[in-house]
Amino acid sequence: MGKLSITLIDVGWGDSLLIDIEDRTGQSHYGLVDCNDTSTQRSSYLFVKRFLERKGVDLTQGQRIFDFVLLTHGHADHANGIQAMMSNFKTDWFWYPKSVDFGGFAKLISYANRYPQKVNRHQAIDNTKLLPGIGGVELSVLWPPYVAGGVYDPNNENNNSIVLVLTLDQVSFVLSGDCEAGNWDQIVTEIPGIPGLAVFQAPHHGAVNGVFTETGNTPWLDALPDGTRIAMSSHTRPHDHPAPEVILELNNRRIEPFRTDQHYHLTFSTDGTLDANGQPNVVEHWSHA
Amino acid sequence: MRAGFDEQVAELAQEPEVAPYPGPFTIPVLIDDVKQLRNFNMTRGSFFTIDASGMGDDWVAILRDQEIPFLVLGVSNVLHRPDLDNLLFNSPESIDQLFSQIESVEGLVVESEYIWLPNFLFDPYIGGYSSQEKPVQLERGAVWRIGFGLFQMAVTFLQEVIPADTYEERCWQLLRGGPVEVGYSHDESLAFRSWSDAQFTEAKAHFLEQRDDPQRGVLDYQDEGGRVISQSAIRSDRDG
């Protein structure tokens, strides 16, 4: 039986998620989604390094650690430190969306172009791309759509965010980057087809525009199956992520979100099975409340 | 427009190496995201640093004419000019050359980091200087230079040493008393855009190489009819 774990690493403002997959033979596979490290604050790097050391991975041999590193979109609070992570741990794949022109993002592409020994291969992805399965876990992209010769939204980088589904057998987790609520009217049509949706990362750290459309609708919130755990890479400084309106909306629906600003590092694990009631078997763990 | 603004700019313009920016130590900041929210009006801007993850030798710092040898270990340095002869990144080549030069040294990489800057600093009638005839829009990818004093304050804010209201108040104080702290850098905006374009062009060439390399390959995709298309098997470069 395999195992899939995702950890929302508390990196303060921004996102960083470690994917840990144990295949049926017991072999581990790792992925990283986003990073928000700086030269003086290496929360993500230190978490990953300690995690790997505890798992007995010998980091002195310089072997490739990550099967994939994925940048959801080209904003600095998701992209900072990704280069250092790829430099330190190496990756087979580096995936990213087509992005609005920006020097910080271009620097990452430049690094991937020039250091194949660190980044074996890299490619822009969208919802037409077929990602390889990793250790028995299927990866699929719900967003953004393919746009010939350009980016999906040249005016708002959040809307170019990759929305990723990870499925182990009968259980799925959805990671949503900063994909704003206005896009979810289209995306939610895919939700009924996702097996055992158990954990959903609230888009844009629980910001108003991640949850409410301009007309005040809440498409993804309305579409999630009952009991889906909602997780947020959240931080209340420099401004409210999550927004008070979002917390109020969740409270009204009797949903208690999992938040990195309250729970610190947050891990969800599944063996891909359902319980006797047909609910996904998922275990939550956090460093402290 | 605040009093003395034009005089200050005129005075700075007398110093050809510096004008129109507030002093020799200004940092180029690339606009990443402009937030205009109910209770938060700030812009996130990225800057580049040299990140030294390993130790190097033969390093010498020149401090007040004195040469001081030192070893590098885990320091971060903010890049603010391409070399000692040039104050601005006026061409994509100057960016590429500097980045390549730094990363050719084992253990050194160029990283990007960010700061938050209050939006009013960019307002042409309050703080933002531009030599352009038309008002400059705060748009993603554009380069603005900011003074070192403001930069230091922004880092303090990012590190949560001071809260947002204190930070904004200090920015206002800075505007009231000192020289221009924020200036649009037109040539650098063009240079960084051109440099970014070159990286994406290189990525497309890299994609084709990757596709043709049996050890690496690229992803298959599904067309509108749901058919799986192997990009490795076709000769078009649908995507990069």
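Across the interface of chain B and chain A, 22 residue pairs are in polar contact, with both partners at pLDDT 80 or more. The model is a predicted one. Several elements of chain B build its side of this contact. Strand S1 (26-34), strand S2 (42-52), helix H2 (92-103), strand S6 (108-118), helix H5 (186-212) and strand S10 (220-222) of chain B each supply at least two residues that touch chain A. H5(B) gives the most, with 11 residues. Sort the touching side of chain B by class, and you find 19 nonpolar, 15 polar and 19 charged residues.

Charged residues can pair up across the boundary. The rule finds six salt bridges between chain B and chain A. Look for Arg42(A) and Asp51(B): their side chains meet in a salt bridge, N to O, at 2.9 Å.

Now take the contact as a whole. How many residues does each chain bring to it? Chain B brings 53 residues and chain A brings 55 residues. The area buried between the two chains is about 4,700 Å². Carbon and sulfur atoms give 48% of that area. In chain B, Tyr114(B), Arg140(B) and Leu219(B) lose the most area to chain A. Together they account for 15% of what that side buries.

The chains also join strand to strand. Strand S7 (residues 129-130) of chain A pairs with S10(B) in the antiparallel sense, over two bridges. Here Lys129(A) stands opposite Tyr221(B).

S9(A) is mostly covered: six of its six residues are buried. In a regular strand, side chains alternate between the two faces of the sheet. S9(A) shows two such sets. Val163(A), Val165(A) and Thr167(A) point one way. Leu164(A), Leu166(A) and Leu168(A) point the other way. Both sets are buried.

Which strands pair with S9(A)? One is strand S8 (residues 137-143) of chain A, which pairs with S9(A) in the antiparallel sense over six bridges. In this pairing, Val137(A) has Leu168(A) as its bridge partner. Another is strand S10 (residues 171-175) of chain A, also antiparallel to S9(A), over five bridges. Here Leu164(A) stands opposite Leu175(A).

Finish at the turn. S9(A) and S10(A) form a hairpin, with two residues between them. Asp169(A) sits in that turn and has a positive phi of about 50°.

Terms used: Residues numbered from 1 in each chain as written. Chains lettered and ligands numbered in written order. Predicted model: local features only at pLDDT ≥ 70, side-chain atom pairs only at ≥ 80, totals over all residues. Heavy atoms only, no water. Contact = heavy atoms within 4.5 Å. Buried area = accessible area lost by both parts, 1.4 Å probe. Salt bridge = Lys/Arg side-chain N within 4 Å of Asp/Glu carboxyl O. Polar contact = N/O pair within 3.5 Å; in protein donor to acceptor, adjacent residues only side chain to side chain. Helix = DSSP H or I, 4+ residues; strand = E, 2+ residues; numbered from the N terminus. Nonpolar A, V, L, I, M, F, W, Y, C, P; charged D, E, K, R; others polar. Pairing = 2+ DSSP bridges. Buried < 20%, exposed > 50% of the residue type's maximum accessible area, 1.4 Å probe, protein only.
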